[in-house]
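The entries below follow the order in which I went through them.

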Amino acid sequence: LKEAVAHFSHAMSKLCINVVWFKCTDLRTHDHAALRAAHADGLPVLHLYVLDPFWYEGKTRVCNFPKTGALRTRFHLEALEDLANRLAAKGHRLNLRNDVSTATCFSELCSDYTINAVFAFNEICSEELRIQRQVQDVLRENGQGSLHLFWGYELLHRDDLPFDPRTDRGAVKEVEIFMGRVKGVAPRPSAQQNPCFATGPDASVHWPRACTEIPGVAEVMGQNYSASEDPGEAKDPRAELRWRGGETAALAWMQKYVWNENCLVLTYVGATVVRNLYRSPLSEKATSKLSPWLAHGCLSPRLLYEEVERYVSEYRKTGPSARDTETYGYTHRILRELMWRDFVRFGSLEAGTSIFKIGGRDKVVRKKQPIHKTYPDLPSWSWSADLGLLQAWIDGRTGFPFIDSFMRELKATGYCKHVGRLCAGWFLISDLGLDWRMGGEWFESILIDYEPTLNWFNWVYACLEPVDVKRVPMGQQQCLEILHGGIQHDPDATYIKRWIPELSSLESIVAREPWRLDQQGFQWASKSTSLRKMPFSKPSPLGREDAERYASGSDPDAAVGSKSFRVLHMWRNLASACFPEWDALIPKFRTPSYGLSSLSSFCYGVDYPKPVIQPLSLMNTESIEARARWAKARAKVQREKESARIAELLHRSSMVKD
């Protein structure tokens, strides 16, 4: 009885608090439903982030990569420092715990405080849900308040969807179906969930067990840390941007990109645009670069949505000559990209753990085994676990420049464009035949904008499912998209040469396909590809007026290919149509030759590796290249005109104000 009384007295003496459990996907103070709810009832609030060793010292399951690499760990710590500063400005404190599991941390909280409730965002994936359940168990076993969960990562609120994403597979089968099903559903105003911070001397809780200062990258990662993989705070000179974690940096970049530089109408293309000849996602400022901040919740997608809507509304007032920004029924392409994020998130709710398994959500393929009675009607692949091939892919040393340039950028910066991730994924699956989960784990480790659903669902939906599973890898290139994409989006090989400087002395065609220098290993490609969906094979056509200008040899910016070449190519196509055997003769008699004078001191196979599998080349490369170069030059002229028009309007506006 005495022990019971003593225990009761101790419990009554403990401070009763609310806890805001921050995680790496909600590191902001605006539009934060959990933060708002915790401050709503007047209790003292303890703001908590746990640097759980599971995430920072743990390894991936298949390849033993660090679950969180140095680049993303640094971004996390920068975001936490910024969050701490923003909370301090409101009279509150961020309590960090290091070197303990999340469950242990909450067990200690239960010993030190009476917890009225814990407030946090919802989770979707299995590892995050497992930790969430552990926290709930700790709270229940200690007789504490419950865990209150809120939706806040997505653009659309889960409760506003006209279907249940957990059970309605049809709504999340394809992105276009999802877009149609949610048409007319409006995002909730971001201001509704802006917190009203509790005030007073006792409103903020300082937990004595918390870290006295934010630890460094090496301390957080433990044995996973490698100085050679940590570039520190330096910006790679080849990169467009060096991301700094935090809400403050996110809001500043949004202001600069949207309002100060008018990028939404001048340069924005969008991550998932791959068929537009005029606008390439590889161009400078073609994408918003907001994905790392969105992935970590430093920026609310609803706030971004509102800023874009406001900007487009203001832009349309500039006059009848304003460029049309509407695409796919949205006022701007960037809003469709936000809806793509929602498709991936809600699709993962239905898919469950299947996005981490070899066959994906539809069990597209199964592992080839001597006896396999499960899913006998499905194609089986002998998935390779060749670590040498995997390392060549990671290091950007496969001998396929369009792939290698993306992989080198990714390794150096933690980021590459969506088109690069797609091509690298297709190549790894259909050409190298590697277990796709090995690629998924590398992305999980290295990406600075990693979020589990965005990574793993995209690997399954965008990389595994488009592959023709009846065309098993055969030691030679089958995916022609990595050729089409390179020509269409990088006709001058500018991007390739930036990240693979050893190819800088080569002309564009050879820089993209250096195997053309090897007469013995040169092969022409047929029209077939290993993908069922072919996003690059049929790019959007030139407009009628531009098509006429291109055919006449009009040159908007000294970027048009030789007219005589186009005539030659027309005759070659005519010959191929009249004499089908012509195509068979071309590889034997028309293999191109490149003069040594254009190669400088480049030594193929020494300065840059030969392909790890048999490569192919497209016969009409020069024609496609000239057409893409002309379209991009035309788009550049249009952007310059619009930029000059906006500058003149701003100048007039400033004169009126003065």
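**Entry 1: two histidines.** The model is a predicted one. I began with a pair of side chains: those of His-39 and His-47 are joined by a polar contact of 3.0 Å. I then looked up where His-39 sits, and found it in the loop between helix 2 (33-38) and strand 2 (45-51). Is His-39 buried or exposed? Its relative accessibility is 5%, and buried means under 20%, so His-39 counts as buried. I listed its contacts, leaving aside neighbours within four places in sequence, and they are Val-45, His-47, His-92, Cys-196, Phe-197 and Ala-198.

**Entry 2: another histidine.** I went on to His-157, which lies in the loop between strand 5 and helix 7 (175-181). His-157 has 13% relative accessibility and so counts as buried. What does its side chain reach? I found the backbone nitrogen of Asp-159, at 3.0 Å from the side chain of His-157. With neighbours within four places left aside, His-157 is in contact with Trp-151 and Arg-188.

**Entry 3: strand 3.** I checked how strand 3 (residues 94-98) is placed. Five of its five residues are buried, so strand 3 is largely enclosed by the rest of the structure. I sorted them by face: Leu-94, Leu-96 and Asn-98 are on one side, and Asn-95 and Arg-97 are on the other. Both faces are covered. Strand 3 runs parallel to strand 2, and five bridges join the two. Which residue of strand 3 is the bridge partner of Tyr-49? I noted Leu-96.

**Entry 4: positive phi.** Asp-99 is not a glycine, yet its phi is positive, about 70°. Asp-99 is partly exposed, with a relative accessible area of 49%. I found a positive phi at Asn-64 as well, near 60°. Asn-64 belongs to the loop between helix 3 (53-56) and helix 4.

**Entry 5: a β-α-β unit.** I followed the chain from strand 4 (residues 114-121) to strand 5 (residues 147-150), which pair in the parallel sense over four bridges. Val-118 stands opposite Leu-147 in strand 5. With helix 6 (residues 126-141), strands 4 and 5 make a right-handed β-α-β unit.

**Entry 6: helix 9.** At 1.5 Å a residue, its 14 residues should span 20 Å, and the end C-alpha atoms are 18 Å apart, which agrees. I then listed its buried residues: Glu-247, Ala-250, Trp-253, Met-254, Tyr-257 and Val-258. Just after helix 9, Asn-262 takes a positive phi of about 50°.

**Entry 7: the whole protein.** The protein has 25 helices and seven strands. Of its 658 residues, 55% are buried. I also looked at contacts between residues at least 6 apart in sequence, and 80% of these join residues at least 24 apart.

Key
Residues numbered from 1 in each chain as written. Heavy atoms only, no water. Pairing = 2+ DSSP bridges. Right-handed = clockwise from strand over helix to strand, strands pointing away. Expected span 1.5 Å × (residues − 1). Buried < 20%, exposed > 50% of the residue type's maximum accessible area, 1.4 Å probe, protein only. Polar contact = N/O pair within 3.5 Å; in protein donor to acceptor, adjacent residues only side chain to side chain. Contact = heavy atoms within 4.5 Å.
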